[in-house]
Amino acid sequence: MNLKDFLIIILKLCLINSGYAERTKDQMYEIFDGRTTCFRRLNATHQVGCSSKKGGSTGIIHYVETLSDLNFIMENGTGSSYIPVMPLQLLKPSTLKLILDKNLITGIVLYNNSALESYTHERSCPNQMSNVDKTCNTAWNPDGSGILYQDLPFPVHYVNDDDLDRMKACFSKFNNYSYETHSKRSLCSVELDAFMFASTNTPTCRRRSQSKTNLNPVKFCDPLGGENVWSTLFPMDDERARSKSFVALAARLDTTSLFNGVFPGAASPIASLVTFLSTADYLKRMVRDVHNYEMNVLFLLFNGETYDYIGSQRVVYDMERGEFPLKSESETNPMPLIRVKDIELYLELSHLSKGDGIFVHNTAEKSDFFSTLQSNNNFSRLETVDGSIPPASIHSFLKENAKLRGAVIANYKDAYVNKFFNSIFDNVSNVDYHYYNTSDYSTIPPDSIQSFTANVSEMLARSIYSKIVGRNYSGGERVRIELVDELYNCYLLDADCKVHQAVQRKKLRETPYNSYGLYVGVTVVPNLLTYAIGLTLAWLTGDVMPDSGLCVKENHTPLYQYFNMSESLDNLNSTLCYRTTMNFSEAVSPAFIIDDYDWKSGKYSSWSESTWKDLTVRMFLKPAPAHERFTLAIGSITMIMSMIVIYFVKTRADVLFATAENCSPTNC
């Protein structure tokens, strides 16, 4: 071979290698964002949620607008399997029963094409296994279908309008005619890949993950959990404060939905969370110069309450073991312990979006707090409700102390006003929120969610002040409605809001909206929003320190934390050193830390989440069976012919390829 031939071969190899191998694949598949897909969770006895087959579930696209369209393909489809693209309204127990009875559907793609009157896949009585007796005699969430807790043997994916248009166009072009020939021609299909590694239940999943015989260990599931947030109104660093009982003001941090990555939670928990923070801010400014008080206030934000009260169960567990707010390492621990018996009055904020009024659901052991609320009432309707307590974190405390005095404050009497509880549609439009970005009270309408929240905060804070100080408030402080407006903006519209800038959460501000959320998640993945909410509580209830060096020095006392934060919403660039009692505690169910826990007891939450590799959705044109057979035949013939050619070339190599004459190395 001469140099010219060698260069030609090298050039050809370079041209071959310069080809982009993925172009063929890209032409075959149209890729969609697969993150909004249903996934699997497990508890002590069951698995719920969705999973595809390993490698993905594939089906022919069938566009559905009404139940008759779905019935049509169930009766007339001649393809091997279908994936209907259908409206959310059809995802209900009766439809799922129809689908499961027919072995024709391998997945579901959902879309929304109209305004919904209600949409909640939560049970009619949330957390029914962890409430006190007789709670579920009332259907608190009457529109609940319970689909969130069904085990579906196929993937379910939610698409936006753009993705829907692409699927609908493909369906119209290739599928929507001559249904009797579906088994004989090319059809538009979709692959949903959402394979879940966990199965059966939490104890089984944990045992498989911890198996020591596995040469290649794989974690199949993680416990649901995160962090609770707590703080006190007055410090606990002197004997006077240590001896005080507490008024506990609580709310929850989390929500859920059927689909991964979409957990808006506007009416619940955001409305109650904003009310909580606004009340804490108002209370702190009211007691700024108070030195004599009868009770302290314990602020509690619980995480994981959607799944059998994970956070509140852990707080009660730690309290009774002498480990709240901090595990005592010695008798000289400066952090005084708080137990359930130290809580004189427990107040919980439930759903607090706009409603017909405010309802105070009292425990069996009544207190005089309702009369205090009445004296500070600015609502046309304020009612007390005696009897059954609605599903709320207070149940964890009542199981430990049935004589606890407390109340759940909400906008409903015997049924949720929120028709989209724990769903993807509990969003900004569900609470009718509009961002005004102003400190002028007069520009925010009195019928807005901001005004409603401010009124609840004022009534609640003034009533708590009377309870802990022993007299009515006579100062000039008032609820900051601009703070209420900004907090709603933070949690509903824009993570790069003034509050998050004020607490110096640069990492959160750089995170795209909806890549964080109010879903409790798993213990191995930190929740940025929980941390930001904790810092916000610290900012609103902390004390400004004259010595700014405290914020940079090592501080070994657990009584306080120190943070550099902005001076105010109007002066974000000027920072001050804040000293705060705010801190975090574990929101992991005791079931996962107790040795040899009896999973059958049902005493504690047992929820875990399956691990998965990827959530992908891709659309392609599935070839006709005749085309597949032809392709297989051509490929087989090509392979056989290649083998014959190779054999022929090999056996005739001495003839086909010239070689140099035999000679000694010195002569060559």
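You are looking at a predicted model, so local features need pLDDT of at least 70 and side-chain atom pairs count only at pLDDT 80 or more, while totals for chains, interfaces and linings use all residues. Residues are numbered from 1 along each chain as its sequence is written, and side-chain values use heavy atoms, with hydrogens and water left out.

**Stop 1**

Grid points are joined across faces, edges and corners, and a volume is the space filled by probe spheres set on the points.

**Stop 1: the seven-stranded sheet**

Next, colour the strands S1-S23-S9-S4-S5-S6-S8, which form an open sheet in that order with mixed pairing. Helices (H or I, at least four residues) and strands (E, at least two) are DSSP runs numbered from the N terminus, and two strands pair if DSSP finds at least two bridges between them. At the edges, S1 (29-32) and S8 (156-158) each pair on one side only. Zoom in on S5 (82-87) and S6 (108-111), which run parallel and are joined by three bridges; Pro87 has Tyr111 as its bridge partner in S6. Contact means heavy atoms within 4.5 Å; axes are lines fitted to C-alpha atoms, for helices over the stretch in contact, and angles run from 0 to 180 degrees between N-to-C directions.

**Stop 2: the three-stranded sheet**

Move on to S18-S20-S19, an open sheet with antiparallel pairing. Its edge strands are S18 (543-545) and S19 (561-568), and the twist averages 55° from one strand to the next. Seven bridges pair S19 with S20 (571-580), and Ser568 stands opposite Asn571. Helix H16 (528-541) lies across S18, S19 and S20, at about 75° to S19.

**Stop 3: the largest cavity**

How many cavities of 30 Å³ or more are there? The count is six, and the largest has a volume of about 190 Å³. To find its centre, select Arg252, His351, Pro391, Ala392 and Phe421, the closest of its 19 lining residues. Helix H8 (266-286) and strand S14 (343-349) each give two or more residues to the lining.

**Stop 4: backbone details**

Stay with H8, where Pro269 is placed: the peptide bond from Ser268 to Pro269 is cis, with omega near 15°. Another cis bond runs from Phe324 to Pro325, with omega near 5°; Pro325 is in the loop between helix H9 (310-320) and S14. Finish at Lys134, whose phi is near 75°, in the loop between S6 and S7 (151-152). Most residues other than glycine have a negative phi, and most peptide bonds are trans.

Methods
1 Å grid on protein atoms, 1.4 Å probe; cavity = no way out; pocket = protein on both sides within 12 Å on 5 of 7 lines; lining within 4 Å.
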